[in-house]
Amino acid sequence: MCATCGCGDARGTRIAAPHGTGAAPQDHSHSPAHAHGHAHPHPHADEQEPGATITLEQKVLAKNEILADRNRAWLAGQGITAVNMMSSPGAGKTTLLERTIRDFTGLRPVAVIEGDQETMLDADRIKRAGCAVVQVNTGAGCHLDAEMMRDALTTLSPASGSLILVENVGNLVCPALFDLGERSKVVIISVTEGTDKPLKYPYMFAAADLVLINKIDLLPHVDFDPVLCEKYARSVNPDLRVLTLSATTGEGLDDWYAWVAEQG
Ligand code: MG
């Protein structure tokens with residue numbers, strides 16, 4: 001976990017439904033646990049003692065695990081399947097979600113939790129696709145955590161049997177460390193990125209259940225080797241499933257939908 005970029009720091013986190021859904025935003029920016037000068041899990045740099053950073057990171061992650069387990073138990077009790085979607089910015093997460101929501105219409109209730117540092121832009125796109133959605137703005141934070149997931153679920157109040165698609169903050173580092181209580185983790189990589197991403201960000205690929213190689217309609221125009229990328233991904237996680245698709249053309253989406261169905 002990074003100690004310098006605001007990881008684990010919930011100050012500034014805002015959870016809101018897009019205009020017109022009627023759900024009240026929750027402002028965590030003045031939570032007593034995070035008031036300046038009080039005990040919180042992210043000491044200022046000049047307060048840290050040798051070894052203190054690791055100890056505090058372990059405490060943050062241990063607290064997150066407890067909350068994630070509660071989320072997991074609640075989701076299981078409701079018969080809700082949650083899938084955590086992670087990628088670099090621009091890999092096509094939101095476009096894939098829009099397409100998936102439209103193709104699931106009438107088949108299964110779908111709801112989305114949108115994570116971004118700022119703006120309601122993606123939540124507004126998802127709402128236009130016809131889906132219940134809450135936006136979590138993490139401010140300086142670079143990932144969603146189990147507490148944000150719990151609060152988003154409270155705001156969303158999804159129907160029993162729903163599929164919850166979580167679009168995590170665009171980042172291949174920190175989201176890998178924070179269990180949300182989800183059923184499965186998906187990493188999306190697009191062919192406009194480097195073939196060697198799995199080697200550069202092994203923790204993300206090690207944590208994932210599925211890799212989606214997106215934008216394959218652009219393969220003739222870019223220097224990307226999907227076979228080699230899959231080989232790299234399996235070198236850090238031999239159990240990974242790897243699928244190729246284009247959220248724009250629809251190629252490969254049936255395999256993605258079949259995988260979603262396998263998750264319950
Ligand atoms: Mg997005």
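Colleague: Which residues in H2 meet H8?
Modeller: This is a predicted model. In it, Leu96, Arg99, Thr100, Asp103 and Phe104 are the H2 residues. On the H8 side they meet Leu253, Trp256, Tyr257 and Val260.

Colleague: What is that contact made of, by class?
Modeller: Six residues are nonpolar, one is polar and two are charged.

Colleague: And at what angle do the axes of H2 and H8 cross?
Modeller: Roughly 75°, and the axes come within 12 Å. H2 covers residues 93-104 and H8 covers residues 253-262. The two helices are therefore roughly perpendicular to each other.

Colleague: Switching to the metal. What are the protein donors of the magnesium ion?
Modeller: Thr94 through OG1, Asp122 through OD and Glu167 through OE.

Colleague: Now the strands. Do E8 and E9 run parallel or antiparallel?
Modeller: Parallel, with four bridges joining them. E8 is residues 210-214 and E9 is residues 241-244.

Colleague: Which residue in E9 stands opposite Val211?
Modeller: Val242.

Colleague: Through which helix does the chain cross from E8 to E9?
Modeller: Through H7, residues 226-236. That β-α-β crossover is right-handed.

Terms used. Residues numbered from 1 in each chain as written. Predicted model: local features only at pLDDT ≥ 70, side-chain atom pairs only at ≥ 80, totals over all residues. Heavy atoms only, no water. Axes fitted to C-alpha atoms, helices over the stretch in contact; angles between N-to-C directions. Parallel < 35°, antiparallel > 145°, perpendicular 65-115°, else oblique. Contact = heavy atoms within 4.5 Å. Nonpolar A, V, L, I, M, F, W, Y, C, P; charged D, E, K, R; others polar. Pairing = 2+ DSSP bridges. Right-handed = clockwise from strand over helix to strand, strands pointing away. Donors = N, O, S within 2.8 Å, 3.2 Å for Na, K, Ca; no water.
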